[in-house]
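Have the viewer open and click along.

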Amino acid sequence: MAYGTYEQLWDVSHEYLEKHVAFVNSLTSLMLERARQLRSQLFSAESTKRDTFVEDFEAAHDKLQSMGKSLQIVVNDWKRLFADQCSVLDTKPAQKPLPADTYSSFGYIAPTLDYQAGQNVQLLVTYIPSPADGTFYALDDSRKDVIRNSLTTLQQMPKDFLTKAPPAGAVFAVYLDNVWHRAICNMPAAGSDTAELYLLDMGETLAYSDLLPKAKLPSDLCQLPAYAIKCQVSHTAAALPLSLYYSVSCSVVAVENDTLIVEHAEPPREEYAISRDTLTVEELQEMDEMPLSTSNPMKAVLGYVPKDDDRLCRHYDPETKRCFKGSNCRLRHAPKDPDGWTLDKDTVTVSVPARMEVPQTNTYIKLLPTCVVDVDQFYAHIIGNERNDKEYEQLMAEMNDPETIANFKPFKLMPSLGELVIAKYDGIWYRATVCDVFDDMVNVFYFDYGNTATVGSSEVRRWEDRFKYLPYQAACCRIANIQRIKPCHLEAIDQLYKSILDKPMKALVIDNKHPWEVKLFDEDDFDIGEGLIMAKLALPRTPGTFDQNAAIPG
């Protein structure tokens, strides 16, 4: 390969690393948030009184240990990769508690407190000093995106470690609890040798130790104001419900000497107005069918009357599988459920009867890839069928018409596996099929594009047969002349994604059985499969065809 090709390959790999470092940081944040949720659920006042507390604790603790073990495996691999740097980070000094009467002076750029009296603000509590006297430190929740971007940059940037204590007043990075923080050393008063450091974005003051891992910061991060805001509950207001790393609604009383004086503000409660005006025609009909009082327990409990007694033959004999009337009986011959469950079934649609026109082998077609599944498999739209494209645009316009959406029927129960549904993706409704069902989430396959997503049960609606006149729009294809080196080869998938997604491609159809075997060519007639082989991201493969008229072996 040419020198430029090597450089380009290096840049692609580096970009891939940067993207997944951010992804790992998001995953660890989710793990910590999940652990906090489990703890709050487990040790709430109601949970501790339950008879099943021990079982609930064991289940929650197993989840916590499972997350810790899975993360430890990754950490051990990284430690072997960065053995020299990890030796510094593994040294965890014990933090000495500061005396309660300690007062330190720090010189740094204070947070901007551009708040007005009476303004409501959502604060995320980051530090509560002891003893609790109404003082706490918090982040402004409305600036969480800006704060997250700055702290993500701090975690990902290469570190230039410090071997000695930074001068007083200098902003630097310190490694605590597996996270890098911006910090500053104090300016000790005359005759005092107390060394402390202040975490600019948490508000916590700690005793300084030479064993703490420290690193230099670039000037742009040093010049950023501190994000931690010192807050004080107003003396005339009731105490705030403060919990570490939880959000609290406050109203600003005043701003005094870089301190935000606040009082508790009850968040506005969301009103749910459900009336006959908010219900669809079908829901109104169903509600009106049920009287306000009924003597039928089945209808009172289930909302409908099972039809088993009308459909099942009461003279059914389990031994002969029929009744004495023989073939003259028009009722269903089946036993009733021993537990009393109804045998009534609700029919659902599982497939679209319309079929896509299959191209002939050894012909060229135009494809627009819409989803990359693996290094040799993707989904694509066929370009050139103007009638089909126009009909699909009309279908999508009708499906996303506000009046149509208002009459979509929600699910009363979770949908079945394989059932056709109407599912939302990025605010737009698409045709889809159910792949998996969870407690309140549904994994669906958008068969017009080839991608899958997990959505909430509120983002799925019952299928309507008026949308089944068009075939599946996404054709499943396989690149005929390559095979993957290993499963989930992320670098190869990423390269294929950048090369073909949403780009018109010329394809030579080698075999038209599912999935279609095709050779892909870009606008310069460059073979995409050969390019992946040259980049050592795929292995060569000889495409095979299936002769429908051939004799069956044996």
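## Cysteines first

Take a disulfide to be a pair of cysteine sulfur atoms within 2.5 Å. By that cut-off, the structure holds zero disulfides. Before going on, note that this is a predicted model, where local features need pLDDT of at least 70, side-chain atom pairs count only at pLDDT 80 or more, and totals for chains, interfaces and linings use all residues. Residues are numbered from 1 along each chain as its sequence is written, and side-chain values use heavy atoms, with hydrogens and water left out.

As for cover, buried means under 20% relative accessible area, exposed means over 50%, and partly exposed is in between (1.4 Å probe, protein chains only). C231 is buried at 0%, and C371 is buried too, at 13%.

## Salt bridges

A salt bridge here is a side-chain nitrogen of Lys or Arg within 4 Å of a carboxyl oxygen of Asp or Glu. How many does a search of the whole structure find? It turns up 14 salt bridges. One of them pairs K216 with D160, with the closest N and O atoms 3.9 Å apart. This pair links distant parts of the chain, 56 residues apart: K216 sits in the loop between β7 (214-215) and α5 (219-222), and D160 in the loop between α4 (144-156) and β3 (171-176). Those labels are DSSP runs numbered from the N terminus, with helices being H or I of at least four residues and strands being E of at least two. Both partners are partly exposed, K216 at 48% and D160 at 43%.

D465 and K468 also meet through their side chains, at 3.9 Å from N to O. D465 is partly exposed at 44%, and K468 counts as partly exposed at 27%.

Now look at R478 and E517, whose side chains form a salt bridge at 3.9 Å, N to O. R478 is in strand β18 (residues 475-479) and E517 is in strand β21 (residues 516-521), so the pair ties together parts that are 39 residues apart in sequence. Is E517 buried or exposed? E517 counts as buried, at 9% relative accessibility, while R478 is partly exposed at 26%.

## A buried strand residue and a helix

A138 lies in strand β2 (residues 135-140) and is buried, with a relative accessible area of 0%. Which residue lies 15 places from A138 along the chain, with its C-alpha atom 5.8 Å away? That's L123.

Helix α11 (residues 490-500) has its own set of buried residues, namely A492, I493, D494, L496 and I500. An α-helix has 3.6 residues a turn, so residues three or four places apart point the same way.

Most residues other than glycine have a negative phi, and most peptide bonds are trans. So which spots are worth a click for their backbone? Just after α11, D502 takes a positive phi of about 60 degrees. D258 is a residue other than glycine with a positive phi, near 60 degrees, and you'll find D258 in the loop between β9 (247-256) and β10 (259-264).

N362 isn't a glycine either, yet has a positive phi of about 60 degrees. N362 belongs to the loop between α8 (308-311) and β11 (364-374) and is exposed, at 61%. Last stop: the peptide bond joining H514 and P515 is cis, with omega about -10 degrees. P515 is in the loop between β20 (505-511) and β21.
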